[in-house]
Amino acid sequence: MPSKLLWVVGAILLTLLLVGCGKDLPQNTFNPAGPTAQSEKDVLIVPLIIAGIVFVGVEGGILFLALKFRHRKGKERMPSQLHGNTRLELGWTVAPAVLLAVVMVPAISLIWKLAQRPPDAMQVTVQGYQWWWGFQYTDADMAVDYGDHGPITTADVMVIPAGRTIDLSLRSEGGGAHSTDGTPDHQVIHSFWAPRLFGKQDVVPGAAGEGNHIVFSAWEPGIYWGQCAEFCGLEHAMMKFRIVALNPTDWANWVQARKQPSSTPAPGSDAEKGMQIFFGTGQEGQGMGQCIACHSIGGTSAVSTAAPNLSDFGNPSHPCFAGCDFDTFVPGPDGQLQPNYAALQAWLEDPNAVKLGAKMPDYNLSQQQIQYLMAYLYSLS
Amino acid sequence: MATITLTPQKGILRRPMATTGFWSWFTTVDHKKIGIMYGLSSFLFFVLGGCEALLIRSQLAKPSNTLLNADQYNQIFTMHGVTMIFLFVMPMSAAFFNYLIPLMIGARDVAFPRLNALSFWVFLLGALFLNSSWFLGGAPDGGWFAYAPNSTTDPGNGLTFYALGLLITGIASTVGAINLAVTVINMRAPGMSLFRMPPFVWMGLVVQFLLAFSLPIITVALFQLLFDRRWDTAFFDPTRGGEPLLWQHMFWLFGHPEVYILILPAFGIFSEILPVFARKPLFGYQFVVFSGIAIGFIGFGVWAHHMFAAGLGPVANTAFGISTAIIAVPTGVKIFNWMGTLYGGDLHLDSPMLFALGGIAMFVIGGLSGVTHSIVPSDYQQTDTYYIVAHFHYVLFGGAIFAIFGAAYYWWPKVFGRMLPEKWGKVQFWILLIGFNLTFAPMHILGLGGMIRREYTYPAALGLTVWNQVSSVGAFTIALSVLLFIIMVIRTQLKPAGLENEDPWDARTLEWTTSCPPPVYNFEEIPTVHSLDEFWHRKYAEDESGRLVRVPAGGSGEDHHSDGHPIHLPSPSFWPLVVSFGFPMLGYGVLYYAWWLVAAGALVIVVGLTGWALEPSVAE
């Protein structure tokens, strides 16, 4: 029977091994894509090896003792009544203490290293809402060229230059009054986490000073997954985000595009009709225009920050929406990325059917209106 | 033969007299009956919490599943945690403490028998109050940790039920803690010095102190939560000068000692079962006891390791990283001493022993993953992921629940005068061990692979579907094991009571010196204790060569000469039950702003306590 235990133990070890090999998992903490996650993984390796040795020693010891000293039928034996051994006790008190002291040294030094904020890092403010993420690029050279010359702002997706060190300021936002059930968007605790780039830090409302920080960078261009890790209410699971790291050329182009007002649709196009619905202007806008109460679009009169910024909704560098509840671009039959009209249509028909508790109400849009709005949103770039 | 004398009283404050029959259970103050009621009700909550776990694992068995929506899932995972911690492991520990501590220290009952009844009834009604939320607009849905300000702003009544329900069950735990602590300190039989107490009693004593010191903290926090939710105070509201992290500090300042409240009884159980089935004394008894006390103290100094990612700063993270590493030392001491107990023993691998060995083996895994949390920077990655879920299930399921099953097999003949079937017990153990590892071992991978806790669904693209499926299969394997246990219990209890051997395990401690089940007065004569493992030393003595030989029955040890003198026992009382009904009335009154109900509840408590104070003591 105890051989079964051995199998179980073997299975555990094998599976732990497999994690290290799961390179393609988008949130694998053991497949770091930047120095912060790398250091957080490396500092665990020695403790894990020691834990593995202790594991084999103790579990093997229990198994060995249980088998060696097991009672055999018909053999009455009274074991010697051993009460203890002070030397052994001291040994197995002091030895683990020393071992722990040794493994704690690199861990503690890394705590302090990770807390440092390099002065030349790019500053981004991360805003946690119920239940999506906003990003503001607060460096002076990241202000837009229109309106109030405020910071470039995105939602659900943070675009960064690969290789550059980023310093995130984490803030919990709230107070958006617009909702289906009258409950306001509360300031609650979130936690910002992109496993392949950095370990999590909580986003605490009202935290003194600028709140918590994360310093990180991505080695290579790519799309990195992340999500809120602290339970923050109903749709905590659907509070995901993507970090898109670009090469220097793409990054320069992206910044340039973001500094400009969003594109305006051609007159007479479906997209223009969608714009009229969005802003409540023109023929299609009769009785509409609720969108601008919460959303903003760069260089337009839509400036509210209660809901995600839609300025680059139609840009493939912006791959997901609504807390990354759905991908805005999916591969078509030819393998090329194309707009995910099905998902956006379902969202516009009834946001709460897609994401229970989403603050956006169902506006009872007609299919025609939805088509126009989708054309407009995907024209934004 | 000893007799119990109970003379009926006259008048309105007459005490109930029946000590047998259905209604006697409502008025009993017998620690054994109260222990059985604690055990039965907490087991029912174990089944309920288990069903919630099965729903969780069913929902997560495939990606983007729609079996449960976000709202339902949040309620279910919250209540799974609340139920397993507050309504199962804590009261189940209380069940064993209640039943066994007086018997193990040679007492006739606990120090305050009526308070003991009050503890149980308040616990049961508080638990039912909490679960009534399912039918009254939705259960708590903010996690068992109820982080503010999500918990203060969350709509609905769920988290108000949480605050009130835990305040009520907290009364039960506080009252019980004081009662049992006084019992251990004051009620020990002659000769039962502190260092002759069985390790289970020692761990019980430590746990009662942990409860007494940690519950006031959560009580204050729960009142603040209640006031924030109900009367718009701003303890945790950052927009009005409140501090969200205050809740976390207070919750974990209670919550970490709570972990040891849950696990130390298991350590006590392991320390009782191992020597009996190894047929040799506990290795390093004093070290096992002192390490338990050390864990109790250090347990109050590690709370912020639940908050490494909260931004307390590098100084706090360093300090709590170190204290978290330190608490591994006394825990390791216990494990090494248990291994020392096995060494050279004659190990009878009966069901209780299998559960104890399996429990220790599983706890070691949880302990080791716990040490990795003290590596603070890597905890930034692990915290709030399934890695943590794996860790604390290895500790609390692997430790506490294996111990509870082991204890059930071990003490079943003592409590019910019947043996649970040995063969099926072993079968149940192996199913549980396999199911347990299938369920929780993959969670290490899920966590390190980036799956967060408390999410009602995950996308297939996360790449972790297979491990979720393995875990779900494991959960139903555990359910099969528990079902087998229930069937065994029912079949066993349907058989007539009666043991061929009233000392079936050749045990070492005082509770086995009396009959199975024990008489209402426990011991005909209060035993006089001469050593640790008193019962063992009455049975065995050393011969000339230092080897143990069985003492002929009646040849040595205590000689009992009952002279038929009366035994003073506390009479039953219905006042504890009356008083306990006041608390849920207060709760519902506050919930629904029904001030008449609040007043009525307060009246019930005042009248109940008055009746309690004025009722006559036992018969003259």
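In chain A, the buried residues of helix α5 pack against α8 (367-379), where buried means that 20 or more other C-beta atoms, placed from the backbone, lie within 10 Å of a residue's own. This is a predicted model, in which local features need pLDDT of at least 70 and side-chain atom pairs count only at pLDDT 80 or more, while totals for chains, interfaces and linings use all residues. Residues are numbered from 1 along each chain as its sequence is written, and chains are lettered from A and ligands numbered from 1 in the order in which they are written.

**Helix α5 of chain A**
- Helix α5(A) spans residues 270-279 and is mostly covered, with seven of its 10 residues buried; among them are K273(A), M275(A) and F278(A).
- Just after α5(A) comes G280(A), which takes a positive phi of about 70°.

**Strand β9 of chain A and its partners**
- Strand β9(A), residues 222-228, is mostly covered, since five of its seven residues are buried.
- Strand β10(A), residues 240-246, runs antiparallel to β9(A) and is joined to it by six bridges, with K240(A) as the bridge partner of Q227(A).
- Strand β6(A), residues 190-194, pairs with β9(A) in the antiparallel sense over two bridges, and here F192(A) stands opposite C228(A).

**Contact between the chains**
- The contact takes 86 residues from chain A and 87 residues from chain B, two residues being in contact if their C-beta atoms, placed from the backbone, lie within 7 Å.
- On the side of chain B that touches chain A, helix α11 (residues 328-342) gives the most, with nine residues.

Notes:
Helices (H or I, at least four residues) and strands (E, at least two) are DSSP runs, numbered from the N terminus. A residue is buried if 20 or more other C-beta atoms lie within 10 Å of its own, exposed if 12 or fewer, and partly exposed in between; C-beta atoms are placed from the backbone. Two strands pair if DSSP finds at least two bridges between them.
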